[in-house]
Amino acid sequence: MSANLLFPAPGPVLAAIAGSDRQYPVNRIFCVGRNYHAHAAEMGVAVDKSTQEPFYFTKHAGALVPGGSTVAYPPQTANYHYEMELVVAIGKAGFEISAAAADDHVFGYACGLDMTRRDLQLKAREVGRPWDLGKDFEESAILSPIVPKATSGVISHGRLALSVNGKIRQETDLDKLIWSIPEIIEHLSRFYHLQPGDLIYTGTPEGVGPVVAGDRIEGEIEGLGTISLTVK
Ligand code: MN
């Protein structure tokens, strides 16, 4: 019997693992902002890697929804956007991890959708406020089953694409990431003690756009499978 809780404690947030009946307990969700030049440009902000560092926002683990789900159109927005992303699943704790050692800390990879209330994000951005209302809301982090990494060496290329109702909206190659996976792990782990269960959404390419009730989103990443989401 557990402690004398005032109300039931939330259970663990679990992610599926492809080809396994074991599950991946989710700890934190980190998201990289502006990690493809063409997406940064469409958001009206240029990125210069020689003078800038990556930046992050977070979502609470309870925002996670498995791929294949149907979600409600979220409240307080009129501009609900998809963002298709490669997700890194951390499997081993580390602090101040070098880029060369980053692969040791990766359990696997997944397809992710960083669903965004774009109007609320931009409104906050304009006045220098946090992005939480635009980014960290219920059912905003969609995740496909995690594919355990097969061999050593982090993913550095491969096609990533997203379609809405069968029409391609985002298409790129992971080699266009501004900050590579080792570089992100090296940088993020200077600020946080990374833990198994931490997910990193690595950023979205150009072509983001709105969806409405009734739309079906389908995404894929070469070698990692697919993800889908229906908006009701
Ligand atoms: Mn994103």
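Student: Which residue forms a salt bridge with Asp114?

Tutor: This is a predicted model: local features need pLDDT of at least 70, side-chain atom pairs count only at pLDDT 80 or more, and totals for chains, interfaces and linings use all residues. Residues are numbered from 1 along each chain as its sequence is written, and side-chain values use heavy atoms, with hydrogens and water left out. A salt bridge places a side-chain nitrogen of Lys or Arg within 4 Å of a carboxyl oxygen of Asp or Glu. Here the closest N and O atoms are 2.7 Å apart, and the partner of Asp114 is Lys59.

Student: How many residues apart in sequence are the parts that Asp114 and Lys59 tie together?

Tutor: Strands (E, at least two residues) and helices (H or I, at least four) are DSSP runs, numbered from the N terminus. Asp114 lies in strand E9 and Lys59 in strand E4 (residues 55–59), so the parts tied together are apart in sequence by 55 residues.

Student: Are Asp114 and Lys59 buried or exposed?

Tutor: Relative accessible area decides, with a 1.4 Å probe and protein chains only: under 20% is buried, over 50% exposed, in between partly exposed. By that rule, Asp114 and Lys59 are buried.

Student: Which residue forms a salt bridge with Glu83?

Tutor: The closest N and O atoms of this pair are 2.8 Å apart, and the partner of Glu83 is Arg118. Glu83 sits in the loop between E7 and E8, and its partner in helix H2 (residues 118–126), so the link spans parts that are 35 residues apart in sequence. Both residues of the pair are buried. The residue asked for is Arg118.

Student: Which residues coordinate the manganese ion?

Tutor: Donors are N, O and S atoms within 2.8 Å of the metal (3.2 Å for Na, K and Ca); water is not among the atoms, so sites may look incomplete. The donors of the manganese ion follow the spacing E-x1-E-x28-D along the chain. At 2.0 to 2.1 Å, the coordinating residues are Glu83 (OE), Glu85 (OE) and Asp114 (OD).

Student: How many residues apart in sequence are the parts tied together by Glu83 and Asp114?

Tutor: Both Glu83 and Asp114 coordinate the manganese ion. Glu83 lies in the loop between strand E7 (80–82) and strand E8 (84–90), and Asp114 in strand E9 (residues 106–114), so the separation is 31 residues.

Student: Which residue forms a salt bridge with Arg28?

Tutor: The whole structure holds 10 salt bridges. In this one, the closest N and O atoms are 2.8 Å apart, and the partner is Asp198. The pair ties together parts 170 residues apart in sequence, because Arg28 is in the loop between strand E2 (23–25) and strand E3 (29–33), and its partner in the loop between helix H4 (181–191) and strand E15 (199–201). Arg28 is partly exposed at 26% relative accessibility, while buried, at 0%, is Asp198.

Student: How many bridges pair E8 with E9?

Tutor: All 7 of the 7 residues of E8 are buried, so E8 is largely enclosed by the rest of the structure. Two strands pair if DSSP finds at least two bridges between them. The pairing is antiparallel, and its bridges number 7.

Student: Which residue of E15 is the bridge partner of Ala89?

Tutor: E8 and E15 run antiparallel, joined by 3 bridges. The partner of Ala89 in E15 is Leu199.

Student: Which residue in the turn between E13 and E14 has a positive phi?

Tutor: Strand E13 (residues 159–164) and strand E14 (residues 167–173) pair antiparallel over 6 bridges. They form a hairpin with 2 residues between them, and the residue with a phi of about 50° is Asn165.

Student: Which element gives the most to the lining of the largest cavity?

Tutor: On a 1 Å grid over the protein atoms alone, a cavity is a set of points where a 1.4 Å probe fits but cannot get out; lining residues have an atom within 4 Å of a point. This cavity is lined by 16 residues, and among those nearest its centre are His39 and Glu83. E3 and H2 each supply at least two lining residues. With 3 residues, the main contributor is H2.

Conventions:
1 Å grid on protein atoms, 1.4 Å probe; cavity = no way out; pocket = protein on both sides within 12 Å on 5 of 7 lines; lining within 4 Å.
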